[in-house]
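Reader: Could you walk me through how to look at this model? I am new here and would like to take one feature at a time.

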Amino acid sequence: MKKKKCPQCKNLILITSPTCLYCGRPNKFITKEYVNKKWNKDNNKNVFDYIIINKYLVFILFLIFIIVIIFN
């Protein structure tokens with residue numbers, strides 16, 4: 001992989017790394033979207049948990065509906 005020198009401490013770091021490993025200087029322009037994508041992963045997990053719960057709820061209600069139709 002390509003490396004470049006950190007402007008602050010002059011050590012070699014990867015171009016793709018978000019910060020310098022030696023001094024901690026940000027290598028990329030950090031935006032609010034970048035921080036949210038990197039650190040707020042549980043927000044997306046809550047959305048998926050909600051969708052999965054709804055799928056199970058719909059399946060159970062459908063199953064109960066089919067059973068009621070069959071036995072009547």
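Reader: What percentage of the residues of the chain count as buried?

Author: Keep in mind that this is a predicted model. A residue counts as buried when its relative accessible area is under 20%. Of the 72 residues in this chain, 7% count as buried. As for the surface, the chain exposes about 6,900 Å², and carbon and sulfur atoms supply 66% of that area.

Reader: Which elements does the chain have, and how do they run from the N terminus on?

Author: You will find two helices and two strands. Starting at the N terminus, their order is β-β-α-α.

Reader: What share of the contacts with a separation of 6 or more comes from residues 24 or more positions apart?

Author: That share is 0% for this chain.

Reader: How many disulfides are there?

Author: The general idea is that a disulfide covalently bonds the sulfur atoms of two cysteines. To be counted, the two sulfur atoms must lie within 2.5 Å. Here the count is zero. Take Cys-6: its nearest cysteine sulfur belongs to Cys-23, 3.6 Å away, and Cys-6 is in no disulfide. Likewise, Cys-23 is in no disulfide, with the sulfur of Cys-6 as its nearest cysteine sulfur at 3.6 Å.

Reader: Is Cys-6 buried or exposed?

Author: Cys-6 is buried, because its relative accessibility is 2% and the cut-off is under 20%.

Reader: And what is the relative accessible area of Cys-23?

Author: For Cys-23 the value is 33%, so this residue counts as partly exposed.

Key:
Residues numbered from 1 in each chain as written. Predicted model: local features only at pLDDT ≥ 70, side-chain atom pairs only at ≥ 80, totals over all residues. Heavy atoms only, no water. Buried < 20%, exposed > 50% of the residue type's maximum accessible area, 1.4 Å probe, protein only. Helix = DSSP H or I, 4+ residues; strand = E, 2+ residues; numbered from the N terminus. Contact = heavy atoms within 4.5 Å. Areas by Shrake-Rupley, 256 points an atom, 1.4 Å probe, with all protein chains shown as cover.
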